[in-house]
Amino acid sequence: QTVKLDAYSETDFVFESVFLTIRLFDGSAEIESEIRLRRREGSGADAPLVLDGDELTLTFLKLDGDRLPDADYDAEPGGLTIRSLPAAEAFTLTIGTRIVPEENTKLMGLYRSNGIWCTQCEAEGFRRITYFYDRPDVLIPYKVRIEAPKVAAPILLSNGNPGETGDLDSGRHFAVWDDPFNKPSYLFAMVAGDLERVGDTFRTASGHDVTLAIFTDKGRSHQAGYAMDALKRSMAWDERRFGREYDLDVFNIVAISDFNMGAMENKGLNVFNHKYVLLDPDTATDQDYAGVETVIAHEYFHNWTGNRITCRDWFQLCLKEGLTVFRDQEFSSDERERTVQRIGSVRRLKSMQFPEDQGPLQHPVRPSEYREISNFYTATIYDKGAELVRMIATLLGPEDFRAGMDLYFERHDGDAATIEAFVKVFEDVAGIDLSSFALWYHQAGTPTLTVTEAYDEAEDRYTLTLAQSLKQGAAGTGTKPMLMPVKIGLVGPNGEDRPLNPSQGGEIREDVIQLSEAEETFVFDKVGGRPYLSVLRDFSAPVTLDHDQSESDRLALARLDPNPFNRWRILNDLIGERLAAAAGGTSEPAQNPLGDELVTAILETAGDDRLDPAFRAQVLNVPADTEIARLIGENVDPLRVYETATRARKTIATAGTQVFERLVAAAPADAAFSPDAASAGKRALANAALGFATLSDGHPDRAFARFEKASNMTDRQAALAILVFRFPEHETTHRALDAFYARYEDDALVLDKWFALQAAAPGEDTLDRVQKLSTHPRFTLKNPNRARSLIGSFAGMNPTAFHRRDGRGYAWFCERLIELDAINPQISARMATAFRAWRTLESERRAKAEDALRDLAKLPHLSRDLRDIVDRTLA
Ligand code: ZN
């Protein structure tokens, strides 16, 4: 049942083209797939054709127009095997299947959401529509004819360019779509429904006019304007930055309300979770705006990194995902503010990827085996994958990196490629050997970078030693030293970067040390006085830093480092370390776990009007409890972590009363709304300040006033979160929650926020409220966004309630998980990763979590998805 990388072999038959006819009816769909194919030269003359299927029913099977005798094939729900096929010449198979989109609760393949027929095929959903070689290395042109009732589905969409349309009998009509680009089955898509359309156009750099459209549910198209703007900016950016133009006459996006993931890059027809399309100031936060911009860009960028060049097999998933995340991060950095974007990406990496890389679900960026590929759409593949591309860019510098990307597009356009091919283009353009870098793709785990410094005052000589080490983890994939870029600066007392010309240890290009050995030492002569070392600038490699730097050096750098990312990083690391030390012990934690000087430095930065407000908001954003837990590493008591972090926040609040009063007053809640990054930064700072001001005055009134006055969802939700998190049982909070509900009851995306906030409120008592909410008439496990908003938020974002000491959090969660697993295994498996840090808990909770997991593992009917996660979490 385990799929292995080294078992890869080409298909026995070569597909040349496919013509799909999809007939949609209320309650069923008939699919006719006409495949042109021939036996591959060199494969055995009697090898059968073995096609993938998943829960399929065959209705007929023809070879060159004639029905095949029953003895020549075996049709199972999970596959179709055909024998006695022609030895050499090309032939045509026509395969009929019948499916029920209305009953497809897994939301993979062809399903119906809100009356709309739509598809999700990545990774292995196409086999739920028809029997096929459902693997990414089978690249062919698709022609598609959709037939559907006109009233239910006036809009009929598929990949490529639109062709013939027309009427049929009995109130039905049809549309034909032609995709001239070879593609794998996972990029197939079809949508049919009564949708509203927003149109626009884009002229490419070479003068080709592209018709753009976003399709939404009825009455929602006014919320698609920002997504359209983001699309046009993405198209222009990919031309400027990577020389990549769009290649079809049309580009369509459809917003769907039931969707497993964020969105999908199907050729010419991107299908989106409506959460990443629909926005307006009254219903969406600044974070939602940034999310839409990122996901629109990400899916669009896949047209080149994913579609034109795809993956040979699913082991290469990071080839398209890591690279495309890198591209969308660069887009957001260019469109917004680079340092703030980098802080966001690093926070995400450390909070999502580091725990994965350091726990039982560890896997390399390019895995070599899997049981269920859906479980590998992970932070490691996406976010660490993006970091690896970023490291290549840092090691090569911008010109060689661009040349390498150009060569990648030139050499591999139309290919189903591999990671080796990707790394090779950079070796070729730069004339270097990247084999020790390539280990990053194969060795799982977070390396530790140990930094040691010495300064010889008499000689004015500064010595820097960098050492790397990697511990063997759950994946057992090796621990060799890997080439990594370490960006550094030697900073003088006035915040100036000194020249980096070591007399021993090798050359440093710009500010990047190319560390390749287990340990390397650099000696700098006549440095002009003891410098402050600013290391790992911009988080140039995804490592854990072990740097025994004095507090006074760190606090000095927090004020003077010319690298603004590191000013944030140094403060954030200090806060994390102090909180972990205070929350990890067993003795009574100190009254002020941060220490006075650190608090002063935080407040100075937060109050410094010369700095970007968004940056200052990030400084005030204390590391999440789960991050502190990860830093503690063992015997974690989540309640103690929460209490320690709260005490630290209170200390900041009390010491900074004046700063916070001023910041709150400077940003009135009823100010006019603009979604740009600078305005969003001001709101983020004001709302962070409001949180601290509320902590020091201990009263909900101010947050409630702001909640009522808010002109936009960002301020409204921020105020509501303060009420729900700090005063969960206060009458004022109930008033605010009821008002919010009454106003947004019919807006699914906003109602998700209402559920999610309540489920994330810290404290063991939240379980009772969440239990009650799970019986709310608006709650359902069938809609992934809604399920995530309550159950996902509870288990994934609320350590105090999920890890209740009495184990009731686990018990309740596991019951929901089992219900969910019968509906939608991808979502249940994803949610079960909430257990991934169970071994780091203190003994009482650890035992309860283990019992809960073992009880799950014993159940006979778990999906393959969920079983894979449970087994690996326990292993
Ligand atoms: Zn992607």
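The end C-alpha atoms of residues 90-187 lie 25 Å apart, and this span is 0% helix and 53% strand. Helices (H or I, at least four residues) and strands (E, at least two) are DSSP runs numbered from the N terminus. The model is predicted: local features need pLDDT of at least 70, side-chain atom pairs count only at pLDDT 80 or more, and totals for chains, interfaces and linings use all residues. Residues are numbered from 1 along each chain as its sequence is written.

**Exercise 1. The annotated spans**

State which feature UniProt places at residues 90-187, and describe the span 226-437.

Solution. 
- Step 1. The UniProt record, an unreviewed entry, gives residues 90-187 as "domain: Aminopeptidase N-like N-terminal". UniProt positions are in the numbering used here, feature names are shortened, and annotations may be inferred rather than shown by experiment.
- Step 2. For residues 226-437 the UniProt record, again an unreviewed entry, lists "domain: Peptidase M1 membrane alanine aminopeptidase".
- Step 3. Residues 226-437 are 57% helix and 9% strand, with end C-alpha atoms 39 Å apart.

**Exercise 2. Asp194**

Find where Asp194 lies and decide whether Asp194 is buried, partly exposed or exposed.

Solution. 
- Step 1. Asp194 is in the loop that runs between strand 16 (190-193) and strand 17 (196-203).
- Step 2. A residue is buried if 20 or more other C-beta atoms lie within 10 Å of its own, exposed if 12 or fewer, and partly exposed in between, with C-beta atoms placed from the backbone.
- Step 3. Asp194 has 15 other C-beta atoms within 10 Å, so Asp194 is partly exposed.
- Step 4. Two residues are in contact if their C-beta atoms, placed from the backbone, lie within 7 Å. Not counting residues up to four places away in sequence, Asp194 touches Gly115, Ala152, Ala153, Pro154 and Lys218.
- Step 5. Thr216 is 22 residues from Asp194 along the chain, and their C-alpha atoms are separated by 8.9 Å.

**Exercise 3. Thr201**

Solution. 
- Step 1. Thr201 is exposed because 10 other C-beta atoms lie within 10 Å.
- Step 2. Leaving aside neighbours within four places in sequence, Thr201 is in contact with Asp209, Val210, Thr211 and Leu212.
- Step 3. From C-alpha to C-alpha, Thr201 and Met228 are 9.9 Å apart, while 27 residues apart in sequence.

**Exercise 4. Helix 9 against helix 13**

Describe how helix 9 (residues 564-584) and helix 13 pack.

Solution. 
- Step 1. The axes of helix 9 and helix 13 are 9 Å apart, at an angle of about 130°. Axes are lines fitted to C-alpha atoms, for helices over the stretch in contact, and angles run from 0 to 180 degrees between N-to-C directions.
- Step 2. Angles under 35 degrees count as roughly parallel, over 145 as roughly antiparallel, 65 to 115 as roughly perpendicular and the rest as oblique. Helix 9 and helix 13 are therefore oblique to each other.
- Step 3. The contact is made by Leu579, Ala582 and Ala583 of helix 9 with Arg640, Val641, Thr644, Ala645 and Ala648 of helix 13.
- Step 4. These contact residues divide into 6 nonpolar, 1 polar and 1 charged. Ala, Val, Leu, Ile, Met, Phe, Trp, Tyr, Cys and Pro count as nonpolar, Asp, Glu, Lys and Arg as charged, and the others, Gly among them, as polar.
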